[in-house]
Each structure stands twice: as structure tokens, then as C-alpha cells.
There are 2 protein chains.
Amino acid sequence: MATTQSSFTVDQSHFKVFEPTSTPDRLLLGPGPSNADPQVLQALSLSPVGHLDPFYVGLMSEVQELLRYCWQTDNRLTIPMSGTGSAAMEATLANVVEPQDTVLIGIKGYFGHRLADMASRYRANVETIEKEWGQVFSLDEIEAALNKYQPKVFALVHAETSTGVCQPMEGIGELCRKHNCLLLLDTVTSLGGVPLFLDKWKVDLAYSCSQKGLSCPPGLGPFTMNKRAEEKMNSRSEKVPNWYLDVSLLNKYWGSDRVYHHTAPVNMNFALREALRILSQEGLDKSWQRHRSNAERLWKGLNSLNLELHVDEEYRLPTLTTVRIPSGIDSKAFIIHLLNNYGIEIGGGLGSLAGKVWRIGLMGYNSRKENVDKILNIFETELDNFKK
Amino acid sequence: MATTQSSFTVDQSHFKVFEPTSTPDRLLLGPGPSNADPQVLQALSLSPVGHLDPFYVGLMSEVQELLRYCWQTDNRLTIPMSGTGSAAMEATLANVVEPQDTVLIGIKGYFGHRLADMASRYRANVETIEKEWGQVFSLDEIEAALNKYQPKVFALVHAETSTGVCQPMEGIGELCRKHNCLLLLDTVTSLGGVPLFLDKWKVDLAYSCSQKGLSCPPGLGPFTMNKRAEEKMNSRSEKVPNWYLDVSLLNKYWGSDRVYHHTAPVNMNFALREALRILSQEGLDKSWQRHRSNAERLWKGLNSLNLELHVDEEYRLPTLTTVRIPSGIDSKAFIIHLLNNYGIEIGGGLGSLAGKVWRIGLMGYNSRKENVDKILNIFETELDNFKK
């Protein structure tokens with residue numbers, strides 16, 4: 001008998017009959033995922049092509065160029081990692097950090113802690129500076145820490161999804177150059193929705209996600225590194241300790257060699273191309289303005305309902321707003337009510353803000369006036385029903 | 001001015017106008033990706049839901065149970081990794097290998113070499129046994145190597161996509177238990193298409209991909225580990241040196257805790273659920289038989305055209321057939337002709353089989369009589385036009 005003929009009988013103990021796949025209607029106004037543009041979902045469902053098909057190779061270059069525009073960078077090594085934003089996050093560290101390198105992390109929310117955890121797995125000497133959740137770092141604080149720790153890499157979150165804070169970026173890149181350190185930036189909740197100038201800010205490594213500001217489903221992790229970061233990677237004494245995210249290998253597939261690395265998630269890349277194309281057609285300026293004006297409409301509406309916003313207006317993210325939960329309100333019951341009765345998702349707080357804030361996202365396709373008015377109307381008419 | 005208002009002007013140097021995303025029609029009869037079932041593409045394009053939405057949490061459990069059926073395993077830790085098959089491959093090693101552990105790899109094709117490269121990045125003491133590309137390992141060869149190297153992990157490829165060989169599995173699991181070593185199996189080109197009995201074969205860790213036999217686009221990497229493998233993972237002295245693929249963290253999201261790890265690629269999971277559902281409705285036995293009878297039709301047809309198959313019939317994979325390129329034929333020109341004139345993709349050889357074989361895949365949705373007849377007809381009528 002051939003080895004590929006069945007030698008045992010099939011066990012039916014895990015066999016179950018399931019209905020065809022369908023999903024409930026959801027308006028995703030939480031910290032992510034956000035809804036995708038219907039045209040993006042259309043592109044996602046196109047029939048796959050080979051990952052070395054000349055058509056696909058052309059599409060890869062288009063995705064790279066679109067990402068460069070949206071991130072405002074000339075970086076050659078600008079590619080979507082074949083995983084979610086967290087994979088791209090890990091890729092930034094995995095490729096440049098060598099054991100015992102000092103990596104300084106600015107922690108002012110959940111994702112700063114994640115960066116610290118990841119860096120430790122690459123055997124970095126991890127140092128941290130911390131701010132309360134809802135605050136930003138000043139240039140003086142950053143300079144003092146660079147002086148004290150002399151890190152090889154300084155990692156910072158631009159838009160903290162856990163707090164709703166946008167870190168002012170001007171001047172930080174110059175400080176990092178002065179201290180001969182790489183600047184690594186999380187742009188997960190800013191790409192597409194908030195002004196972002198990677199090259200002008202002298203950012204050396206950055207990552208993001210395919211959802212949120214890009215209006216594509218989650219599943220890809222845009223990644224970029226400049227020449228300074230490449231030099232650090234190329235001077236490694238050992239291989240990158242992560243095969244899947246090894247940019248020196250990925251570069252041979254995404255670069256002119258087109259050497260097979262892994263079978264690309266082709267459909268997700270169709271969708272990402274379409275999402276980036278739609279964003280670039282709108283124009284970055286216009287998208288940023290749209291996010292800002294819809295967020296201001298939300299902030300004004302919440303204020304007029306006597307709800308407090310957690311972050312000072314100066315540092316407030318247009319893509320994600322943290323609203324303080326009024327005392328005496330059953331915040332979890334309200335979240336469940338929104339989901340079950342309106343199909344609307346908003347988020348609760350994470351970490352030190354758990355039970356203290358709701359998180360309302362207005363990102364990409366979802367950043368529109370009618371969504372703002374819908375959620376404000378529900379807060380106005382229903383919140384009082386959730387007094388404990 | 002608020003930090004989220006634009007301080008620079010947008011540079012238009014990477015701005016380009018692109019057409020809406022569309023793809024050429026392709027019949028993917030290469031080593032992968034293969035075409036997806038249209039119902040799976042429909043599921044893929046459903047509107048996203050939150051990754052902690054009760055609906056999605058239910059869907060996750062369904063995907064797990066469907067995977068258990070298709071892999072014929074009771075393993076609790078059976079989950080799709082949020083990356084392609086290569087990510088799941090890396091996950092099997094990353095979670096159980098500790099520095100200086102001896103990992104023995106059976107190399108009989110391209111993907112064995114990849115396993116060795118990956119294991120080395122986790123600082124394993126990598127030992128290998130090798131066979132020519134197109135051959136399988138005997139039980140005696142495996143036992144001798146287990147005796148010699150006393151490995152903690154023995155990794156093997158069940159279905160070698162680079163050679164078209166299916167490794168006989170019976171008896172190997174027992175040998176690994178006897179030598180107190182974990183058995184790690186690559187089932188990328190076998191899951192869904194070839195008899196596979198993980199638990200009966202005493203396989204401790206396995207991985208696969210979402211495409212090929214499952215008829216879903218590439219983008220997820222099914223992963224499974226049993227209690228023996230869990231014990232090895234739980235006895236680690238340090239954290240898993242890969243955050244994204246750390247099963248001890250992923251287990252808190254996929255297990256009953258449902259603790260946020262990363263934003264799941266929800267749409268790919270809709271598609272995978274639908275693909276696994278369709279496969280389970282057909283029934284594993286029937287799917288295996290369908291793959292086998294279509295492959296036999298292909299083999300018979302190729303033989304009658306006097307084309308030689310690279311692998312002995314006893315060890316030949318139904319999902320992927322390696323055909324020796326007749327002398328004097330311009331094999332690359334033939335591949336390009338198939339793509340440009342028929343929209344059909346077949347593969348060339350990799351590694352030591354480069355320029356020596358074509359690779360024809362009949363996997364999942366594509367394993368059907370009409371595809372066999374179409375490709376045979378083209379070989380019959382057109383191959384002679386490609387004499388050099």
C-alpha cells in the first residue's frame with residue numbers, strides 16, 4: 001500500500017456540522033479593528049495569484065510606494081510584514097537589537113510595556129522611562145534619559161492606543177542622532193489618521209498595522225527602516241534570531257532579486273494595496289483633516305454631555321479618544337448594551353486605565369460625521385440608564 | 001498648535017495614481033498558493049468584527065475544533081498562528097527549543113533545510129540526517145540517528161513540497177517516545193489532501209498553512225502541540241525568545257481567559273473557518289480519495305506522454321507531482337507560456353531539483369478532473385514546441 005493511502009480509519013470525535021460562515025453587522029468604534037472600506041473587502045476577495053507571478057511582483061512594488069507616501073519616507077526597505085502590527089513591532093526590534101545592546105523604551109501606556117517585553121526577548125539590556133498614562137514625554141526628559149543610558153535604540157509610541165495620547169515628535173530625532181542612537185517609532189494608531197513625517201522627524205525604524213487609519217482588515221504589519229537602521233542590522237555578528245521577520249532575507253524577496261522567502265499572504269496584500277490607494281487618492285492632508293474635524297465634533301459633543309476627556313486637548317489623538325467613566329456608571333454593562341442592541345463596539349480601558357475610561361475610535365473609513373452623531377446620541381439618551 | 005496638527009507640508013514625491021485593484025485570472029497548479037474556494041473568498045470579504053467580540057470568540061473555538069478534526073488530534077493547543085505556514089513552522093521550534101538543545105532534522109528537500117536554519121536561530125545544537133531529494137527515510141535510518149544524537153526534538157517533513165515525496169510515518173512516533181524526544185512534523189502540503197493521523201502517529205508538534213489542501217488563501221498557519229510538547233515548553237528556564245509566536249501568551253487568548261495578545265487577523269479566520277467547514281463537510285476520507293484519484297489520473301496521463309515522474313509511486317504525493325523535464329526542452333519558456341497564454345501556473349524545481357523538474361500541484365479546490373485534463377492536454381499538444 002502506498003504511504004499516502006489511509007492506514008487508520010478517520011476518528012469522528014471532533015467532527016461537527018457548522019453553518020456556513022456569516023458575521024453580525026458591527027460598527028467598530030473601539031481601539032481596533034475598525035471597519036474596512038467595502039472596496040477593500042472587494043479587493044480582499046479576489047482570486048489568489050502566485051507570490052512570484054509577475055503581476056504580483058508589480059503589486060508588491062505598488063504597495064511599497066504607497067506606504068512610502070503614507071509614511072512620508074524615502075526608505076527603500078518599506079514592506080508589509082506577513083503578520084499583524086505586533087509582528088511588525090517585533091520585526092523592528094528583532095532586526096537591529098543584538099544581545100546586551102541597551103534599548104531605552106519610553107513607556108506611557110500599554111504598548112510601551114509590550115516593546116519592553118519584546119526587547120528583553122532579544123536579550124537587550126532594557127532601560128525604561130515612564131510617564132503616567134495620558135501624559136507625553138518632554139524633550140528635556142528624553143535628552144536626560146539618552147544621556148543617562150546611552151542606548152543603541154530609543155523606542156517610543158507615537159499614538160498610544162491605550163491612552164489616546166499623541167507624542168509630540170519634533171526634536172526627538174535630532175536628539176537621537178546627537179546621541180548616536182536609532183529612533184524606533186510605533187505608528188499603529190497614527191498612520192493615515194494623524195500627521196506623520198517619518199523622514200522629516202528623523203525616525204529610523206517604524207511599524208504600523210493594516211487596519212485602523214488604513215481601513216483594511218487586520219493581518220499585515222507595515223514596516224520600514226532607513227539606511228542608519230540597515231547599517232546596524234548589517235553589522236550584526238550573528239543572524240537575526242527570528243527567521244520569519246528577518247529583513248535581510250525578506251529584502252531578497254521584496255528587493256530586485258525576488259528570491260522566495262515565504263508564501264506571501266497575497267489576498268491581504270490585494271486589500272492593503274486598495275486601502276492605501278484609496279487613502280492616497282483622498283490625500284494625506286485631507287485624511288488628517290477629516291480625522292481631526294470628526295474627532296473635534298466628538299470631543300465637543302462629549303463635553304456638552306458633561307463627560308470628561310482623559311487627555312489634554314493639545315496631546316489628544318484624533319483617531320482614539322479616552323472618555324472618563326462618570327462615577328456610578330456601570331461601564332461594562334454599557335459596553336455590552338451598545339454591542340447587543342446597536343452592534344456598536346467601543347473599548348474599555350487597559351492597564352492602569354481599566355475601569356476608568358472608555359476608548360472610542362474614529363479611524364479610517366469609520367471617521368465620519370454620522371458615526372460621531374450616532375455614538376453621541378446613544379451617550380446622550382442611554383448613559384443614565386446605566387447608573388449602578 | 002496641537003501635536004496632531006500638521007507642522008510640515010506633505011511631500012508628493014512618492015504620490016502616484018493607481019488603478020483600482022484587480023487581478024488576472026489564474027489557475028494555480030504549482031506548489032502553492034492554490035486557488036481558494038469561492039465560498040471561502042466570500043467569507044474572507046465579510047465585514048470585520050472585534051477580536052474579543054463574543055461572536056468572534058465563538059468562531060475561534062469552531063476553527064480550533066475543525067482543525068482538530070482535520071489533523072485527527074485531541075490537542076487542546078490547536079490554533080492558527082497569525083502568519084503564514086512559515087510562521088507556524090517557526091512557532092513549533094521557538095516554543096520548545098532551548099539554547100543548546102539538540103534538534104535533529106531529517107532533510108530530504110528544501111523545507112528540511114529551512115527547519116535547520118530556523119532551529120539554529122533558537123541556538124539549538126542542530127544535527128541533520130540527509131537523503132537525496134526524492135527519497136524517504138527508513139525507520140532504521142531514523143533509529144540510528146536517534147541513537148547517535150539523542151535529540152530533544154526530531155523534526156521531519158511529511159509532504160516535501162520541493163520534491164513531491166510523502167514520508168511514511170508509521171513507527172516513527174514510537175521511536176521518538178522510546179528515545180524521549182519530541183516528534184515535530186511539517187504537514188504543509190498534506191493537511192486536507194493526504195491521510196494524516198497526528199495522534200495515532202504520536203506526533204507532538206505540527207504545523208501547516210491555510211492554502212493548499214484547505215482551499216483558503218495563504219495568511220494563516222495552523223499550529224498544534226500536545227501535552228508532551230507543552231511540558232517541554234512549560235519547563236523552559238527563560239521566556240520564549242519570540243513574542244509574536246509565544247504559545248504561553250497565545251494560550252491566554254485562545255484558551256478560556258481570552259486575554260488580548262494581538263489584534264487577530266479576523267477576516268483570514270472567517271475564511272479559514274469556511275475552508276475547514278467545507279473540507280469537513282466533504283469528509284476527510286472523501287477528500288483524501290479525491291486527491292488520490294485525480295493525482296493518479298495525472299500520473300497515468302503524464303506516463304502515457306512518456307514523461308517520467310521523479311518519485312517512486314509508493315512515496316508519491318497526491319497533492320504535488322514532480323515531473324522530470326525531458327532533455328532538450330526549454331522548461332522556463334514552457335512555464336512562462338502556460339502563464340501568459342492560459343493563465344495556468346505550474347512550478348519549477350527548487351534547490352538540487354532546479355532545472356530538473358516541474359512541480360504540478362492538485363490541491364484542495366483545484367484537485368479536480370477538469371484541471372488534470374486541461375494540463376495534460378497542454379502538455380500533449382504544446383510541449384514539443386519548446387524544444388531548444
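Trainee: In strand 14 of chain B, which residue is the bridge partner of B:Leu320?
Mentor: B:Leu320 has B:Gly361 as its bridge partner in strand 14 of chain B. Keep in mind that this is a predicted model.

Trainee: How many bridges join strand 11 of chain B to strand 14 of chain B, and do they run parallel or antiparallel?
Mentor: Strand 11 (residues 320-324) of chain B is joined to strand 14 of chain B by 5 bridges, and the two run antiparallel.

Trainee: And strand 13 of chain B, how does it pair with strand 14 of chain B?
Mentor: Strand 13 (residues 347-348) of chain B pairs with strand 14 of chain B over 2 bridges, in the antiparallel sense. In strand 14 of chain B, B:Arg359 stands opposite B:Gly347.

Trainee: Is strand 14 of chain B buried or exposed?
Mentor: Buried. Strand 14 (residues 357-361) of chain B has 5 of its 5 residues buried, so the strand is largely enclosed by the rest of the structure.

Trainee: Which residues sit on which side of strand 14 of chain B?
Mentor: B:Val357, B:Arg359 and B:Gly361 are on one side, with B:Trp358 and B:Ile360 on the other. Both faces are covered.

Trainee: Switching to helices. At what angle do helix 2 and helix 9 of chain B cross?
Mentor: The axes of helix 2 (residues 54-71) of chain B and helix 9 (residues 266-282) of chain B cross at roughly 40° and come within 9 Å. Helix 2 of chain B is therefore oblique to helix 9 of chain B.

Trainee: Is the crossing of helix 2 of chain B and helix 9 of chain B left-handed or right-handed?
Mentor: The crossing of those two helices is left-handed. Among the residues making the contact are B:Tyr56, B:Leu59 and B:Glu62 of helix 2 of chain B, and B:Val266, B:Asn269 and B:Leu272 of helix 9 of chain B. By class, the contact has 11 nonpolar, 2 polar and 3 charged residues.

Trainee: What about helix 10 and helix 12 of chain B, what angle there?
Mentor: The axes of helix 10 (residues 284-304) of chain B and helix 12 (residues 369-382) of chain B cross at roughly 15° and come within 9 Å. The two helices are therefore roughly parallel to each other. Helix 10 of chain B passes helix 12 of chain B in a right-handed crossing.

Trainee: Which residues make the contact?
Mentor: Helix 10 of chain B gives B:Asn294, B:Arg297, B:Leu298 and B:Gly301, and helix 12 of chain B gives B:Lys369, B:Val372 and B:Leu376. That contact divides into 3 nonpolar, 2 polar and 2 charged residues.

Trainee: Over to chain A. Where is A:Arg297 found?
Mentor: A:Arg297 lies in helix 10 of chain A. With 16 other C-beta atoms within 10 Å, A:Arg297 counts as partly exposed.

Trainee: What is A:Arg297 in contact with, leaving aside neighbours within four places in sequence?
Mentor: A:Arg297 is then in contact with A:Lys369 and A:Val372.

Trainee: Last topic. How many residues of chain A are in contact with chain B?
Mentor: 93 residues of chain A are in contact with 92 residues of chain B. Elements giving two or more residues to the chain A side include helix 1 (38-44), helix 2 (54-71) and helix 10 (284-304) of chain A.

Trainee: Which helix gives the largest share of that side of chain A?
Mentor: Helix 9 of chain A, with 8 residues. The chain A side as a whole divides into 41 nonpolar, 30 polar and 22 charged residues.

Definitions and conventions
Residues numbered from 1 in each chain as written. Chains lettered and ligands numbered in written order. Predicted model: local features only at pLDDT ≥ 70, side-chain atom pairs only at ≥ 80, totals over all residues. Contact = placed C-beta atoms within 7 Å. Helix = DSSP H or I, 4+ residues; strand = E, 2+ residues; numbered from the N terminus. Nonpolar A, V, L, I, M, F, W, Y, C, P; charged D, E, K, R; others polar. Axes fitted to C-alpha atoms, helices over the stretch in contact; angles between N-to-C directions. Parallel < 35°, antiparallel > 145°, perpendicular 65-115°, else oblique. Left-handed = near helix turned anticlockwise from the far one by under 90°. Buried ≥ 20, exposed ≤ 12 C-beta atoms within 10 Å, placed from the backbone. Pairing = 2+ DSSP bridges.
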